[in-house]
Protein chains: 2
Amino acid sequence: MSSQSIRSFASRQYPCEKCPLRPLPAFREFDKQELSFISTFKRGELAVDKGATVLVEGSHSAHLYTVLSGWAFRYKLLPDGRRQILNYSMPGDLIGLQGSLMGEMQHSVEALSPMLLCVFEREQLHELYRNYPGLAYDITWIASREERMLDENLLSIGRRTALERAAYLIAFIASRARGVGLNGKTPVQIPITQQHIADTLGLSLVHTNKTIRKLMDRKLVMWRDGGCEVGDYDGLKKLARWEGLGEERRPLI
Amino acid sequence: MSSQSIRSFASRQYPCEKCPLRPLPAFREFDKQELSFISTFKRGELAVDKGATVLVEGSHSAHLYTVLSGWAFRYKLLPDGRRQILNYSMPGDLIGLQGSLMGEMQHSVEALSPMLLCVFEREQLHELYRNYPGLAYDITWIASREERMLDENLLSIGRRTALERAAYLIAFIASRARGVGLNGKTPVQIPITQQHIADTLGLSLVHTNKTIRKLMDRKLVMWRDGGCEVGDYDGLKKLARWEGLGEERRPLI
DNA sequence: CGGGTACTTGAGGACTATCAATTGTCGTGG
DNA sequence: CCACGACAATTGATAGTCCTCAAGTACCCG
């Protein structure tokens with residue numbers, strides 16, 4: 001268990017009205033009422049360091065977060081320490097919804113990079129459902145989107161070969177990252193280690209390394225500066241037999 | 001693709017007021033208003049045969065179902081035919097929510113036994129959100145529960161050994177089935193073939209057979225009448241290192 | 001009886017895991 | 001500036017798991 005610091009800021013660097021994410025084409029327009037409610041809903045911002053554990057399996061968190069910046073991953077552990085990464089979170093994604101609804105967290109979340117999170121009170125979720133049916137619908141939509149991603153991951157781990165899996169995963173993450181403008185300069189830099197990939201794909205670290213090496217030999221991906229970059233997005237999709245995620249504009253809570 | 005008949009009944013054998021599921025201890029109480037709205041929401045009943053395809057990936061279904069009786073499974077296919085079973089549906093479960101929210105179905109659903117389904121109109125979902133925040137919350141809760149099950153399955157396929165996976169899956173299904181009173185007589189009879197188990201666990205049919213055989217040798221499960229029965233539930237849980245799903249009472253839409 | 005489906009079993013080979021070591025990078029302390 | 005430890009990536013060897021191929025059995029149904 002890591003003990004990296006979690007600092008919270010009393011002040012808001014990003015009031016909702018000036019949310020840096022909302023203008024992105026990936027997100028749908030919100031009307032004034034909705035925006036002002038979200039602004040009330042937001043309790044503050046939380047900055048966490050790389051490696052910090054944001055949420056812990058088994059705990060009862062009173063909060064719910066939206067990623068403002070940075071990357072994280074969601075995972076579960078077996079009693080003997082085997083780890084399975086379930087999905088990744090990046091800007092615009094909701095963290096901790098499952099815990100808010102079901103009471104106890106059933107998975108943990110760890111930051112892959114420094115992150116800035118918007119903090120919401122779990123308690124106010126009821127008010128949201130009572131007074132903002134549109135937002136309530138959005139939250140269900142977001143849960144459903146997560147489910148869809150899990151379905152894809154399950155298909156991948158269960159039925160794709162190691163090489164296809166790796167290709168799928170990298171294409172999938174890169175595709176999501178591009179959707180939220182994480183490709184400022186060159187291709188997106190995905191800040192993960194091969195151990196993360198191994199724990200996502202259900203492979204050993206050694207075999208993951210050899211598999212990624214094959215992708216690199218084919219010039220489909222590059223591994224630089226402790227992270228990975230896509231070399232040939234379409235090549236990855238084709239190898240993985242993956243259609244891509246037909247992402248329409250989505251809500252941002 | 002199967003072409004078994006799907007018959008619809010104009011009449012209702014089970015008006016919501018006499019729903020055979022609602023009295024079960026697995027489900028939470030609903031108030032009168034909620035019940036009467038659900039009764040309006042319900043459009044009719046649909047009877048499908050074993051083997052029938054209830055929903056098809058890629059289609060735009062106008063409906064959403066709740067299982068009244070029978071079993072089904074949700075799956076995805078790779079272009080070359082490899083199949084991954086994502087989860088199973090049994091009485092009380094919602095089918096097709098993802099499709100209703102996201103437009104296009106991203107997975108297919110096939111009946112494992114004859115089924116009776118309550119049919120709802122996707123269109124009315126908005127009215128539900130507008131006027132019944134409690135039910136809206138319930139629907140999100142249900143989506144979240146599905147996500148939790150997928151998380152567990154992902155952990156299983158990714159990090160458990162073949163033997164543990166099989167033990168987990170059978171314990172998991174049996175546990176859910178018991179929750180909805182499917183153990184009328186003796187232990188629950190799970191109406192699946194070894195091919196289904198193989199496609200759920202990400203294993204080949206042959207290896208699945210050998211794995212199940214080991215479970216049978218240990219008297220943890222029995223295979224009879226083309227279905228499987230639990231021989232030693234706690235033994236399965238222990239072998240799989242699985243805690244069980246702490247199921248509180250849940251909503252029934 | 002023939003044909004279909006589901007379950008079994010054995011054998012050989014492909015794919016992955018484990019073990020053990022090496023390399024390279026980076027930040028810290030001498 | 002270099003030694004040092006920590007971490008990530010890499011590689012080779014060996015063993016084990018799992019897949020594919022190929023048959024064979026059992027049962028049900030027309």
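At what angle do the axes of helix 6 (residues 194-201) of chain B and helix 7 of chain B cross? In this predicted model, the two axes come within 9 Å and cross at roughly 105 degrees. Because angles of 65 to 115 degrees count as roughly perpendicular, helix 6 of chain B is roughly perpendicular to helix 7 of chain B. On the side of helix 6 of chain B, the contact is formed by B:Gln194, B:Gln195, B:Ile197 and B:Ala198. Helix 7 of chain B contributes B:Leu205, B:Thr208, B:Asn209 and B:Ile212. Four of the residues in this contact of helix 6 with helix 7 of chain B are nonpolar and four are polar, with no charged residue.

A second pair of helices in chain B was also examined. The axes of helix 4 (residues 133-159) of chain B and helix 5 (residues 162-179) of chain B come within 9 Å, with a crossing angle of roughly 160 degrees. Since an angle over 145 degrees counts as roughly antiparallel, helix 4 and helix 5 of chain B are roughly antiparallel to each other. The crossing of helix 4 of chain B past helix 5 of chain B is right-handed. Helix 4 of chain B supplies B:Arg145, B:Met149, B:Glu152, B:Asn153, B:Ser156 and B:Ile157 to the contact. These residues meet B:Arg165, B:Tyr168, B:Phe172 and B:Arg176 of helix 5 of chain B. By class, the contact of helix 4 with helix 5 of chain B comprises four nonpolar, two polar and four charged residues.

Attention then turns to the DNA. Around DNA strand C there are 13 residues, of which A:Ser204, B:Gln194, B:Asn209, B:Arg213 and B:Trp223 come nearest. Of the atoms of DNA strand C that come within 4 Å of the protein, 70% belong to sugar and phosphate. From chain A, a backbone N or O atom of A:Ser204 is 2.9 Å from a phosphate oxygen of DNA strand C, and a backbone N or O atom of A:Ala162 is 3.5 Å from a phosphate oxygen of DNA strand C. From chain B, a polar side-chain atom of B:Trp223 lies 2.8 Å from a phosphate oxygen of DNA strand C. Helix 7 (205-217) of chain A and helix 7 (205-217) of chain B are the elements that give two or more residues to the surface near DNA strand C. The largest share, four residues, is that of helix 7 of chain B. The surface near DNA strand C contains five nonpolar, six polar and two charged residues.

DNA strand D likewise has its own set of surrounding residues. Of the 13 residues around DNA strand D, those that come nearest are A:Gln194, A:Asn209, A:Arg213, A:Trp223 and B:Ser204. Sugar and phosphate make up 66% of the atoms of DNA strand D that come within 4 Å of the protein. A polar side-chain atom of A:Gln194 is 2.8 Å from a phosphate oxygen of DNA strand D. For A:Asn209, a side-chain N or O atom lies 2.9 Å from a phosphate oxygen of DNA strand D, while for A:Trp223 the corresponding distance is 2.8 Å. The elements that give two or more residues to the surface near DNA strand D are helix 7 of chain A and helix 7 of chain B. Here the largest share, four residues, comes from helix 7 of chain A. By class, the surface near DNA strand D has five nonpolar, six polar and two charged residues.

Methods: Residues are numbered from 1 along each chain as its sequence is written. Chains are lettered from A and ligands numbered from 1 in the order in which they are written. This is a predicted model: local features need pLDDT of at least 70, side-chain atom pairs count only at pLDDT 80 or more; totals for chains, interfaces and linings use all residues. Side-chain values use heavy atoms; hydrogens and water are left out. A residue is near a molecule or strand if one of its heavy atoms lies within 4 Å of it. A polar contact is a pair of N or O atoms within 3.5 Å; within protein, one must be able to donate a hydrogen and the other to accept it, and residues adjacent in sequence count only if both atoms are side-chain atoms. Ala, Val, Leu, Ile, Met, Phe, Trp, Tyr, Cys and Pro count as nonpolar, Asp, Glu, Lys and Arg as charged, and the others, Gly among them, as polar. Axes are lines fitted to C-alpha atoms, for helices over the stretch in contact, and angles run from 0 to 180 degrees between N-to-C directions. Angles under 35 degrees count as roughly parallel, over 145 as roughly antiparallel, 65 to 115 as roughly perpendicular and the rest as oblique. A crossing is left-handed if the near helix is turned anticlockwise from the far one by less than a right angle, and right-handed if clockwise. Contact means heavy atoms within 4.5 Å.
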